[in-house]
Amino acid sequence: MVGPTASLTPLARADGSASYHCPSTGSNILGSVNAPVELPGRRDALKPEDATVEVFVKTGTAPASVGERYVEGIIRGVVGRLILGRERGYARRGVVITLAIVGGESVGRADSHLTLLPALLHTALLALLSASVPLSMTFSATVLSVDASGKITREPSAEVAAAAKSIHVLAFTSKGHLLLNESEGAFDFDTWEKVRQRASAICHGTSTVGADGDIAMVEDADGQPLEGTIRETVEDQVHRDYAWKIDAA
Amino acid sequence: MNKEAPLSIAERDFILNALREDVRLDGRAADQLRPLTVSFGEEYGHVKVQLGRTSLIVRISAEVTKPHDDRPFDGLFTIAMELTAMGSPAWDNGRQGDLETYVTNVLDRVVRHSNALDTESLCIVKGVSCWSIRADVHITDYDGNLIDAACAGIMAGLQHFRRQDAVVKEGQVIVYGLDERVPVALNITHKPLSVTFHTFDEGKKVIIDATRKEEQASEADVVIGLNNAGDVCFMSKFSGSPVDAMVFVDKTSVALEKVKEINAIIDKALQADLAKRAKSGMLEMSRAENDRELEQ
């Protein structure tokens, strides 16, 4: 299993940006964050003591459709829970997150947008970190598809997702709590529980699965937990940015 | 908002006075482009353009649709550009500003209306089905001269793009996948590009490829679109103060030189990419020739 690759701050004009490539779903996302910015006409927002989070998903090769608006809503919900919008300088200001799908197959009008969701979420998170927006925690997310025989596929390609019986997106916080659960299709609770365990193992490694040796073998194939990948990407960037300081010490 | 923060008076004067002494902020000559790099992604028609600190991504895509009723022999070609907060914090997501309307209009004129892409070759069955080609321009960093960068990106994308092969058999349209048949290149009739000039000091100083700050300090802009053969397909003086007619006459030859320069950069990048693909792609597998040892 080839893990995702990401880089921080590839853009010059935006306050923070990240590019993210997931080889198994083939998605390639570029994200930017501008924060805090003045939002005109939002002075009397519903929550005056909080920051307004705006998410915009830009399609790669097709006109914008309802699918993107649906995904935007989910991302806004997740990210809104993370951002400390009451920090100094953020109240009544806006956090504008722009995510452009710059590579990979475009999602058709009737296709599920869930396969793209983890990549979009990770890009948004990395861009927020790059923009130094105060966050309460980080997270990692994954998408799993279950086919008719009950086989679970991690980060399915477009064809696998189209043939799947159900698709699940799960996100876990850095402390291991379930942050997001979006599912599509028909499934029963046992299936969901299996999916949750597998997702948790993908995001946080096998330690959370339990002492079942058999499962641990399977999960080893998933390689490094996603949480670690995200953490390392940021660590590497910080190392590079502070090279002058580290060398001097 | 939708407007960049204005230049301070001091900055504006500095740029202007420097230009009076024939000096630009980045040390270029008046008719010198910023370094332009064109690179291609994995998919066909995925282009990255970097012009100085302006960068953008163009993606070309094709799908089968029904042609317009009044033009049953023509395929469709659309250029979609949306300025998002990614390119510049001054742009609002989902709100169209003046710049977006202007640039989209110029691109439409230079590339689409000059028939750079032969839309008749996109017809599959008269009045029933045709290819719809779509060029999406994603601005990732904005530092002036959006028009020329986007134009170069779209033209490079159209030349790089390969659509699936479609065949009509017994009244049925069969579209072969990219791995079933060698994909088909688009039919490009000519390669028009735009060159944008900005004027300063009551039209006495004219520069090309202005950066964002130079654009803001300028009085007016002149866009000339032409192809390698020197056919002018677009000329505009959209807004700002008047420009002497001689500027148009003089600068058209400069524009031609620059168009040739940019087209050469695109061609070089295309050749390099095709050579890379030829080694590892479908083209090699679908080749009908036998490998032969050359004997002497």
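Before looking at any pair of helices, I noted that a crossing counts as left-handed if the near helix is turned anticlockwise from the far one by less than a right angle, and as right-handed if clockwise. I also noted that helices (H or I, at least four residues) and strands (E, at least two) are DSSP runs, numbered from the N terminus.

**Entry 1, ground rules.** This is a predicted model, in which local features need pLDDT of at least 70 and side-chain atom pairs count only at pLDDT 80 or more, while totals for chains, interfaces and linings use all residues. Residues are numbered from 1 along each chain as its sequence is written, and chains are lettered from A and ligands numbered from 1 in the order in which they are written.

I looked up the overall scores and found ipTM 0.87 and pTM 0.90. For pLDDT, the predictor's confidence in each residue, from 0 to 100, chain A has a mean of 86, with 90% of its residues reaching 70 or more. In chain B the average is 90, and 94% of the residues score at least 70. Which element of chain A has the lowest mean pLDDT? I found that it is helix α5 (residues 213–220) of chain A, at 43, whereas α2(A) has the highest, at 95. Over residues 208–220 of chain A the pLDDT is below 50, and beyond near neighbours in sequence this stretch has 11 contacts in the model; a contact here means that the C-beta atoms of two residues, placed from the backbone, lie within 7 Å.

I turned to helix α2 (residues 98–112) of chain B and helix α3 (residues 146–160) of chain B, which pack at an angle of about 45° with their axes 10 Å apart. Such axes are lines fitted to C-alpha atoms, for helices over the stretch in contact, and the angles run from 0 to 180 degrees between N-to-C directions. Angles under 35 degrees count as roughly parallel, over 145 as roughly antiparallel, 65 to 115 as roughly perpendicular and the rest as oblique, and α2(B) and α3(B) are therefore oblique to each other. The crossing of α2(B) and α3(B) is right-handed. Among the residues that make the contact I noted B:Val103 and B:Leu107 of α2(B), and B:Ile147 and B:Ile154 of α3(B). By class, this contact has 11 nonpolar, no polar and no charged residues; Ala, Val, Leu, Ile, Met, Phe, Trp, Tyr, Cys and Pro count as nonpolar, Asp, Glu, Lys and Arg as charged, and the others, Gly among them, as polar.

Helix α1 (residues 66–82) of chain A packs with α2(A) at an angle of about 45°, and their axes are 11 Å apart. I read the crossing of α1(A) and α2(A) as right-handed. The residues of this contact include A:Val71 and A:Ile74 of α1(A), with A:Leu117 and A:Leu120 of α2(A), and they divide into nine nonpolar, no polar and no charged.

In what order do the four strands of the open sheet stand? I found β7-β6-β8-β9 (chain A), with antiparallel pairing, where two strands pair if DSSP finds at least two bridges between them. Strands β7 (152–154) and β9 (178–185) of chain A stand at the edges, each with a single partner strand, so one side of each is left without a neighbour in the sheet. Neighbouring strands of this sheet are turned by 20° against each other on average, direction ignored. Helix α2 (residues 117–130) of chain A packs on the sheet, touching β6, β8 (166–173) and β9 of chain A, and its direction makes about 175° with that of β6(A). Three bridges join β6 (residues 139–146) of chain A to β7(A), and A:Val146 stands opposite A:Ile152 in β7(A).

I found 20 residues of chain A in contact with 23 residues of chain B. On the side of chain A that touches chain B, the largest share, five residues, comes from β5(A). By class, this side of chain A has 10 nonpolar, seven polar and three charged residues.

Most residues other than glycine have a negative phi, and most peptide bonds are trans. A cis peptide bond joins A:Ala35 and A:Pro36, with omega about -15°, and A:Pro36 has its place in strand β3 of chain A. A:Thr9 has a positive phi near 55° and lies in the loop between β1 (5–8) and β2 (16–22) of chain A.
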